[in-house]
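Trainee: I have a protein model open and would like to learn how to read it. Could we go through it feature by feature?

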Amino acid sequence: RRKLRSDVAAAFPTLSTEQLAELIPNKEELNVIKIYSHKGEAITVYMNHRNPILFEVEKVLYPTVYTLWVYPDLLPAFSTWPPVLQKLAGGADLMLPGVVVPPSGLPRVQRGTLCAVTLLGNRAPVAVGVATMSTEEMLAAGMKGKGFAVLHTHLDHLWEYGDKSSPPTLAPLVTDSAAKDSAGDQGELQGKEPGSSCSPEPQQPVDIRDLSLKDTDTCAELLGKEELHEDRAAEPAENASTEEQQEAEDSRTPQEQMDALLNQCFFHALKCKVKKSDLPLLTSTFLGSHMVSCCPAGKQLDIKKSSYKKFSKFLQCMQHQRILQVKELSKGVESIVEVDWKHPDIKAFAVPEGFSSASAAQDSKSEEKEQVYHAPEIIPLYGVSTKMVPLFQESGHRKGSVLSSSEVRNIIINYVKSNELVDETNKNFVKVNAILCDCLLEKSEQDEISHLKWDELLSRCLERMQPLHQVTFFGQEPVVRKGNIEPIDISIAQRSSNKKVTIIKNLELYGLDPQCVANTLQQKVQASATISPAPGAKDRVQVQIQGNQIHHLAKMLLEEFQLPRKYIQGLDKAPKLGRKK
């Protein structure tokens, strides 16, 4: 505890002695927990009062949001818009266009400086990140590019390990009087009146509460409501019923309001945006491209704030009402395969004012283009096979236990050290005992090999375990599948009249909608693209496009979709460009 306090004092010199004693008390219980991230990194978490207060990665200490709520000025703080928090909590880093530059200027930081991220109008930090460039470099880059690598946020798994409290409402410092002007600028950006401002005023604490995360209303929505009240004042007789309806809506809980918004966007999307030719349609595409574009201006669709919590549960409810049918066409990837457009609920739905079927269809097309694709996080995992059980049972693992490569490495290292198998004369070698011999050596090698190098020991161990992989799609729970993930397969086939076609398979495994890929390719290369069942693969389709289009495919998959090259097979078949004369 004394060492931890000295480490914290060295890492955060602005903390006073009293604050250190409050953060790491002498007599109260302090728990230390070791957890592993999705990437397999070992993280040490320090708990106090049932809340994580610090976490340590590679011997570097970081404060959690719970600590920063008590000491909000511990780190240099950069502000962003409230809707950005959902992106950060989903695993995104903070890009510079999302950083609000106050008139007083940005805090002066160097590359690698630990920083806090706050929401406009509230000084309570909601994220912790490391600056990827200095303040001067940010300004020189025109506030474009990645600004901060985010390590931890409010609403993430580490926050969930605590009491799940919401950030306190802390008014901006008096010295930063320009915060109000920034908020006014945001109103202008969102098409509101320049005079309106979301920034909390000292004499109006109610506005500050409205900006806290406890409320589902965003800054823009609050502005929208104020403008609606002004409009109603101008036309009291005509809009009396609308005013009553607004009051009724305000009396509902935030969860009930989100449920209503979810239903409205769902039926709107089915009625105006989805066609029979679009099916099967990935559920993630339906939500991200179609439903989000049906959300009224100033409102934000957030499944977590609804009573359903997960989009899959909402779709199950709709399926139970026989509005649509959802199937898992490949493991962990769900698609809408059938919609009953004659269902009374769809027929009875009235498109909100300001939307029309034609404009909705146009919005859908533009939304599809703007929809940001998030490449899935793919982590190789290893299952304990029957042959490897004797080596892993000492650490409490049985046949079928699933481990990451770093966990396997740590278990092997601990096993070697606890059994004193490190060679005394050369620490780079490990002595092979009976268990290592049975698990890692072939019969022909057992009489010849008595020592193994560390790297060979680990590689042999991984080769003899059952390969698995975990896929995490953006905003969804991780899915573990057997074997290694199949790469996106690109091949060239010959057709009649010596014509070539490009065939793309396995797009669904990476959360890509084959129909969307075909449509995008067709527009880019101005060639016919079709979709057909993939031979030998149940419930999967392949995209076929005329000509050798691997150059265009490579640019789209590697640059636009940011997929690692190792997950794409066949890029070497691109046509060789002729020399210019």
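**Reading the model, feature by feature**

Mentor: Start inside. The largest nonpolar core has 34 residues, and Ile488, Ile490, Tyr510, Leu512, Leu557 and Leu563 have the most contacts inside it. The elements that give two or more residues to this core are β20 (488-494), α20 (514-525), β23 (541-546) and α21 (550-560). The largest share, six residues, comes from α21.

Mentor: Some ground rules. This is a predicted model, where local features need pLDDT of at least 70, side-chain atom pairs count only at pLDDT 80 or more, and totals for chains, interfaces and linings use all residues. Residues are numbered from 1 along each chain as its sequence is written, and side-chain values use heavy atoms, with hydrogens and water left out.

Trainee: What is a nonpolar core?

Mentor: In soluble globular proteins, nonpolar side chains tend to be buried together. Here a core is a set of buried Ala, Val, Leu, Ile, Met, Phe, Trp, Tyr and Cys residues joined through side-chain atoms within 4.5 Å. Buried means under 20% relative accessible area, exposed over 50%, partly exposed in between (1.4 Å probe, protein chains only). Contact means heavy atoms within 4.5 Å. Helices (H or I, at least four residues) and strands (E, at least two) are DSSP runs, numbered from the N terminus.

Trainee: Which residues does leucine 557 contact, leaving aside its neighbours within four places in sequence?

Mentor: Leucine 557 is in contact with Ile488, Ile490, Leu512, Gln562, Leu563 and Ile568. There is also a second, separate core of 29 residues, which includes Leu279, Leu281, Tyr308 and Ile346.

Trainee: How do I read a sheet?

Mentor: Strands of a sheet pair through backbone hydrogen bonds, either parallel or antiparallel. Two strands count as paired if DSSP finds at least two bridges between them. Now the case here. An open sheet of four strands has the order β15-β14-β18-β19, with antiparallel pairing. β15 (402-404) and β19 (479-482) stand at the edges with a single partner strand each, so one side of each has no neighbour in the sheet.

Trainee: How many bridges join β14 to β18?

Mentor: Seven bridges join β14 (residues 377-383) to β18 (residues 466-472). One example is glycine 383, whose bridge partner in β18 is glutamine 466. Helix α17 (residues 405-418) lies across β14 and β15, at about 90° to β15. For such angles, axes are lines fitted to C-alpha atoms, for helices over the stretch in contact, and angles run from 0 to 180 degrees between N-to-C directions.

Trainee: In which sense, parallel or antiparallel, does β5 pair with β8?

Mentor: β5 (residues 77-80) and β8 (residues 114-119) run parallel, joined by four bridges. β5 pairs with β7 (residues 99-100) in the antiparallel sense, over two bridges. Look at threonine 80. Its bridge partner in β8 is leucine 119, and threonine 80 stands opposite valine 99 in β7.

Trainee: And helix packing?

Mentor: Two packed helices are described by the angle between their axes and the distance between the axes. Take α11 (residues 254-272) and α12 (residues 283-291): their angle is about 90° and their axes are 10 Å apart. These helices are therefore roughly perpendicular to each other, a label for angles of 65 to 115 degrees (under 35 is roughly parallel, over 145 roughly antiparallel, the rest oblique). Leu262, Cys265, Phe266, Ala269 and Leu270 in α11 meet Phe286, His290 and Met291 in α12.

Trainee: Is methionine 318 buried or exposed?

Mentor: Methionine 318 is buried, with a relative accessible area of 2%. This residue lies in helix α13 (residues 311-320). Methionine 318 and asparagine 263 are 55 residues apart in sequence and 9.7 Å apart in space, C-alpha to C-alpha. By contrast, alanine 260 in α11 counts as partly exposed at 29% relative accessibility.
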